Amino acid sequence: MKKIYSFLVAALVTGLLLWVAGCGGSQQTAAPGSGGGKIQVKFSHVTSETSPKGQAALKFKELLEKSGQFEVQVFPSSQLFGDKEELEMLRADNVQFIAPSVTKLVGFVPAFQIVDMPFLFQNDRAAYAFYDGPAGQKLMRSLESHGMLGMAWWINGSKHFTNSKRPLQKPADFKGLKFRTQSGGVLDEQFKALGAGSQTIPFGEVYQALANKTVDGQENTFNNIDTQKYAEVQKYLTISGHGRLDYLVITNTKFWNKLTAEQQKIVRDALQEATAYERRLAEELNEKSKQNLLASGKLQVYQLTPADRQEFIKAMQPVYQKYTDVIGREYIEAAQKSGQ
Ligand code: LMR
């Protein structure tokens, strides 16, 4: 009797273990969200919620959640991960979407520094034409061997200089100043060509670095200068439009490959709509921020004249000499043609 009882208990425990193992296996192989639970998505970024990127991330969340299959959490202002961590966290699937300024992808694909080549893109339209054309699409796909998938180009806009020391009207005015950069050799070379120093600082730490004078100045879009309140810690703004600051929305292949074809289509459609929204908003919010900065009276503003611009183009030629081959002539030529 005791033997039969032990046998029954052993059979019951074995059966239970096999059932549990079976459940675990099917959970791993099934597409995320199957079996009733929604697919959990985290979207992390570094700018404010009111920036074009912040607003578009919320739009993407709204559109994706409408499908009933996804639940999206958006973390703005480096709340979850800053510049340094977000790329590694994406690759580890600890976050499913990020939208870094493409300059920050330089460690994976140096060609993304195309946006930093001085005075290369004529305007927003030229940048859109490049991003949406064959060269931009090829560049977007170049992250795949690093476990990441570029999904959409988002825009911020043209960069301008601010600093706390003096008006910057001619290349010589930069001599001896130190500027914050996002990352990458092109930006270091740009400041070197102007006789200035540079230091890479994560976006979330820039305000403090300007306030405590770790650096004298920085370069950014009107909207970032405005929403990050740099006018509180800077005195001079030079409207130069010398480079661009734009984004790539990226997911990781681990997450992406677990989605069904239908779920992938939902994501792509939501991103397409959010992208159109983001680009409209970027132009609108940058113009609004420019007016805010001009009206605030906190910054002394100088706009480069066409003649100043020529001087800067000449002074920054060493950047092209050093980086044309690093970035790739085909990309540079495509960017030049995109303005025509
Ligand atoms: C910066 O670091 O200045 C920008 O890349 C921040 C951003 O995401 O717009």
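Tutor: Start with a residue, F119. F119 is buried, with a relative accessible area of 9%. The model is predicted, and these values are computed from it.

Student: Where is F119 found?

Tutor: F119 sits in the loop between β3 (97-98) and α4 (124-132).

Student: What is phi of F119 near?

Tutor: The general idea comes first. Most residues other than glycine have a negative phi. Now the case here: phi of F119 is near 55°, a positive value in a residue other than glycine.

Student: Which loop holds S78, and what is its phi near?

Tutor: S78 lies in the loop between β2 (70-75) and α3 (83-91). Phi of S78 is near 55°, again a positive value in a residue other than glycine.

Student: Why does S78 count as partly exposed?

Tutor: S78 counts as partly exposed because its relative accessibility is 22%, and buried means under 20%.

Student: Now the whole chain. How many helices and strands does the protein have?

Tutor: The protein has 13 helices and 11 strands. Of its 340 residues, 51% count as buried. Look at the contacts with a separation of 6 or more: residues 24 or more positions apart account for 76% of them.

Student: How do I read empty space?

Tutor: Rolling a probe the size of a water molecule over the atoms shows where empty space is left. In this model, the largest pocket holds about 490 Å³ of space. Its lining has 30 residues, and S158, H160, F222, I239 and G241 lie nearest the centre.

Student: Which elements give two or more residues to that lining?

Tutor: They are β4 (148-158), α10 (261-296) and α11 (306-315). The largest share, 5 residues, comes from α10.

Student: How do the residues of the pocket lining divide?

Tutor: Into 11 nonpolar, 13 polar and 6 charged. Domain 1 (39-156 + 245-286) and domain 2 (160-244 + 289-337) each give at least three residues to this lining.

Student: How many cavities of 30 Å³ or more does the structure hold?

Tutor: The structure holds 1. The largest cavity has about 70 Å³ of space. Its lining includes V46, K53, R180, F203 and Y247.

Student: What is the make-up of the cavity lining, and which domains supply it?

Tutor: The lining of the largest cavity divides into 4 nonpolar, 5 polar and 3 charged residues. Domain 1 and domain 2 each supply at least three residues.

Conventions. Residues are numbered from 1 along each chain as its sequence is written. This is a predicted model: local features need pLDDT of at least 70, side-chain atom pairs count only at pLDDT 80 or more; totals for chains, interfaces and linings use all residues. Side-chain values use heavy atoms; hydrogens and water are left out. Helices (H or I, at least four residues) and strands (E, at least two) are DSSP runs, numbered from the N terminus. Buried means under 20% relative accessible area, exposed over 50%, partly exposed in between (1.4 Å probe, protein chains only). Contact means heavy atoms within 4.5 Å. On a 1 Å grid over the protein atoms alone, a cavity is a set of points where a 1.4 Å probe fits but cannot get out, and a pocket is an open set with protein on both sides within 12 Å along at least five of seven lines; lining residues have an atom within 4 Å of a point. Grid points are joined across faces, edges and corners, and a volume is the space filled by probe spheres set on the points. Ala, Val, Leu, Ile, Met, Phe, Trp, Tyr, Cys and Pro count as nonpolar, Asp, Glu, Lys and Arg as charged, and the others, Gly among them, as polar. Domain bounds come from an automatic or database domain assignment.
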